[in-house]
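Keep the 3D view open as you read.

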Amino acid sequence: MPFACIYIPNFPVAAALRAEPDLRDRAVAIFEGKAPLEKIIAINESAGELGITREMSKAQGELCSEVTLRQRSALQESSAHAALLDCAQSFSPCVEDSAQDTVLLDLSGMESLLGPVSEIARAIFKRALTLGFKPNVAAAANPEAALIAARGFSGITVIPAGKEADHLGPLPMSVLFAERLDADQKEEAESLFATLDRWGIRNLRALAALPVVALSERLGQRGLHLQQLSRGGTLRTLVPVEAPLIFEEAVELEHPVVLLEPLAFLLNHLLEQVCARLASRALATQELRLILELSNLTGIDDDFENIGIPSESDGSVATQTISQIICSRQTKFTRKLSLPLPMLDAKVFLKLLQLDLNANPPGAPIMKIHLAAEPARPRSAQGGLFLPPAPEPEKLELTLARIAGIVGENRVGALELLDTHHPEGFRMRRFVAEVARKAPQKQTPDSSEAQAAVTALRRLRPPFRVNVLLENGQPARLNCPKKKEIQGEVLWKAGPWRSSGDWWERDAWSRDEWDLAVRNGEAVSFYRLAHDLLGGGWFVEGTYD
């Protein structure tokens with residue numbers, strides 16, 4: 001029964017490097033605490049070579065100009081931990097969340113699907129690299145041996161069954177206490193570690209060679225348990241975790257971002273991370289939510305001078321105006337991108353977000369970026385051999401977004417008829433390309449129907465307002481100030497046809513409609529005339545062809 005362990009060394013630094021890949025080749029130190037008592041809690045190898053150590057104050061670390069200091073971010077570590085669980089659950093349904101930097105996998109039955117254990121370990125390592133980690137991956141016959149090997153050996157380690165003691169022997173004793181030193185039993189663990197150090201026990205091989213009875217007499221069950229761990233002979237059942245399908249990434253900026261170009265660079269990185277996590281779960285997304293936290297929201301700066309704040313001589317009026325401006329400004333800027341079909345293309349998402357932000361800019365410097373994706377099953381479609389090719393959904397969505405940026409968001413889409421008798425009873429809805437269906441076979445029309453003339457009404461949008469001369473309550477003459485062609489004596493009329501609706505709403509309507517034949521010189525034209533009974537206006541809404 002093989003098990004695997006994924007361990008991320010120096011997790012606070014790894015989470016920061018995952019959020020800012022440009023820092024991988026630089027010396028990085030992570031600090032936390034309240035000013036002026038911030039302390040460095042984690043460093044990478046480059047920072048250690050420059051003399052930076054843990055528990056050093058932030059002020060001491062700033063003396064070294066080659067070290068990049070970053071504040072510990074719980075948001076980044078939470079996103080990194082969620083990505084670690086996504087990586088593990090893409091290989092096994094049984095995953096134990098051992099620690100923030102460690103997960104255990106039960107690989108029972110996975111060999112027939114994914115190959116030998118060594119190939120599975122390499123695949124896990126590659127998947128973790130694509131998610132922004134540099135992990136240690138170990139596989140063994142029991143979970144504790146895999147966990148200790150992952151904490152002790154870098155890279156990929158595969159321990160054959162029965163060889164656990166030989167492989168774990170050279171590891172230092174600190175790998176057994178790495179998890180305990182962060183728990184509530186810190187003092188007890190430190191005392192036990194000091195006792196073994198006084199005995200000269202420096203590695204797991206020396207602990208495994210101690211006599212069982214003598215070790216039990218001196219350290220009790222705690223000592224026996226540590227000896228079993230050093231021999232790799234401890235067996236237990238994993239406690240599987242059911243991680244929710246939440247795909248969120250965030251980055252906290254050290255300096256505010258004002259322009260859209262650097263914002264697009266950061267969004268591209270976040271989108272790639274979200275898409276990689278979705279791909280590891282064989283999912284796509286149909287909705288993206290972007291939340292930008294804005295700066296300069298709790299105080300007054302020089303920018304307020306540009307919007308007409310009264311001077312100090314205005315007294316309470318100035319104070320009241322300033323407080324109203326501060327309250328009216330929003331602390332968060334939210335945009336939601338709804339997609340017609342599930343997609344998984346970071347470049348398309350980035351372009352759509354750029355077009356949306358160009359049309360709806362945040363209006364203030366950005367301090368934090370939060371991106372969330374709603375998971376959805378990938379679309380499955382099969383084209384027909386005898387059907388015309390449909391446009392790709394990604395390209396179609398980009399085209400519609402570009403058009404919306406030019407003509408307006410509410411002027412792009414497909415018409416949807418409303419359940420009303422109003423002649424303009426429709427609304428714009430989002431355009432979604434539908435699969436072409438086989439049209440029902442039409443019946444052959446009779447010869448009389450085929451020879452009948454067809455009259456079409458060509459609507460005028462917007463309709464032309466006209467002046468109407470009435471005789472006995474009926475139109476007798478038209479005069480359109482904006483269009484000279486629409487004027488003349490009414491030769492023939494039909495109507496009126498009265499319709500009304502929505503009397504219970506504010507936008508109630510009531511109208512009469514007429515069909516007219518109007519003589520303009522020697523020509524005769526046919527029009528649709530409407531009379532707004534509530535507003536009193538007359539309009540020519542269309543002409544008959």
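Start with two strands, β18 (487-501) and β20 (523-532), each of which supplies at least two residues of a nonpolar patch. Strands here are DSSP runs of E with at least two residues, helices are runs of H or I with at least four, and both are numbered from the N terminus. Before going on, bear in mind that this is a predicted model, where local features need pLDDT of at least 70 and side-chain atom pairs count only at pLDDT 80 or more, while totals for chains, interfaces and linings use all residues. Residues are numbered from 1 along each chain as its sequence is written, and side-chain values use heavy atoms, with hydrogens and water left out.

So who makes up the patch? Leu 491, Trp 492, Val 524 and Phe 526 do, and together they give about 380 Å² of nonpolar surface. To join such a patch, a residue needs over 30% relative accessible area and no salt bridge; nonpolar side chains (Val, Leu, Ile, Met, Phe, Trp, Tyr) are joined within 5 Å, like charges within 9 Å. A salt bridge here is a side-chain nitrogen of Lys or Arg within 4 Å of a carboxyl oxygen of Asp or Glu. The areas come from the Shrake-Rupley method with a 1.4 Å probe, and for residues only the protein chains shown count as cover.

Look at Phe 526 in β20. Its relative accessible area is 39%, so Phe 526 is partly exposed, a label for values between buried (under 20%) and exposed (over 50%).

Now for β19 (residues 509-520), where 10 of the 12 residues are buried. β19 runs antiparallel to β18, with 10 bridges joining them, and 10 bridges also join β19 to β20, again antiparallel. Where β19 turns into β20, the hairpin has two residues between the strands, and Gly 521 takes a positive phi near 75°.

Next, hop over to Arg 281, in the loop between α13 (260-280) and β10 (284-294). Is Arg 281 buried or exposed? Arg 281 counts as buried because its relative accessibility is 17%. Leaving aside neighbours within four places in sequence, Arg 281 is in contact (heavy atoms within 4.5 Å) with Leu 85, Asp 86, Gln 89, Ala 243, Leu 245 and Phe 247.

Terms used:
Buried means under 20% relative accessible area, exposed over 50%, partly exposed in between (1.4 Å probe, protein chains only). Two strands pair if DSSP finds at least two bridges between them.
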